[in-house]
Amino acid sequence: MAEHYYSKKTEAKSDERTWSFSLKGNPFTFTTDHAVFSKSEVDFGSRELIEAFTLPEVDGDILDLGCGYGPIGLALGKFFHDRHIVMVDVNERALTLAERNAEQNHVKNVSIKESDRFSNIDDRSFAAILTNPPIRAGKQVVHSMFTEAAEALLPGGELWVVIQKKQGAPSAKEKLEELFGHTEVVVRKKGYHVLKSIKV
């Protein structure tokens with residue numbers, strides 16, 4: 001089976017690199033490696049999602065679904081230091097890097113765990129779920145993530161998604177409207193759409 005950044009294990013030779021980046025006005029130092037998503041810089045879509053996100057009115061934890069090496073969850077953890085951020089991914093190498101990145105950036109209000117989508121998330125309900133979904137995994141997988149996320153949100157909770165128009169933003173918006181009744185396009189920039197849906 002072909003390896004992807006959303007594969008559990010990788011045979012790719014390790015070649016770590018460390019670099020600096022600013023997110024939501026805070027400086028970060030990230031260590032990345034082969035076989036993780038966007039290893040050279042925080043990708044444009046994730047940056048737009050991070051910068052656009054605002055806290056929902058409902059209290060509760062925030063889930064970074066498919067956290068990779070950690071930029072979304074760690075940026076939110078440092079900025080919203082009174083919220084707990086749960087970060088999950090299926091990629092074991094990415095999770096190891098996320099733990100290191102949390103430590104070297106002194107972000108304490110996060111928990112990082114292995115989970116293939118929601119398979120290893122205990123019965124929890126979230127105030128917000130953010131995801132830059134693995135488009136290459138296919139539309140069926142991405143849309144099932146939306147369905148599971150809708151079930152895992154508290155009433156008044158919000159699902160935030162970033163997706164490129166050419167990679168399925170219109171059909172993603174259609175699916176989210178089917179699940180939530182309404183979806184707002186918060187950002188439309190350089191072909192990327194940041195979508196927000198609220199569970200009523």
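How many helices and strands are there in the protein? There are five helices and nine strands, taken as DSSP runs numbered from the N terminus (helices H or I, at least four residues; strands E, at least two).

1. Basis. This is a predicted model, in which local features need pLDDT of at least 70 and side-chain atom pairs count only at pLDDT 80 or more, while totals for chains, interfaces and linings use all residues. Residues are numbered from 1 along each chain as its sequence is written, and side-chain values use heavy atoms, with hydrogens and water left out.

2. Overall size. The radius of gyration, taken over C-alpha atoms, is 16 Å, which agrees with the value near 16 Å for a compact globule of 200 residues; the globule rule is 2.2 Å times the number of residues to the power 0.38. The C-alpha trace spans about 45 × 40 × 35 Å along its principal axes.

3. Burial. Of the 200 residues, 52% count as buried, meaning under 20% relative accessible area with a 1.4 Å probe, protein chains only.

4. Strand β6. All six of the six residues in β6 (residues 126-131) are buried. β6 pairs in the parallel sense with β3 (residues 62-65) over three bridges and with β7 (residues 153-164) over five bridges; pairing requires at least two DSSP bridges. Alanine 128 in β6 is the bridge partner of isoleucine 62, and isoleucine 129 stands opposite leucine 159 in β7.

5. Helix α2. Seven of the nine residues of α2 (residues 71-79) are buried, including Pro71, Leu74 and Gly77.

Note on methods:
Buried < 20%, exposed > 50% of the residue type's maximum accessible area, 1.4 Å probe, protein only.
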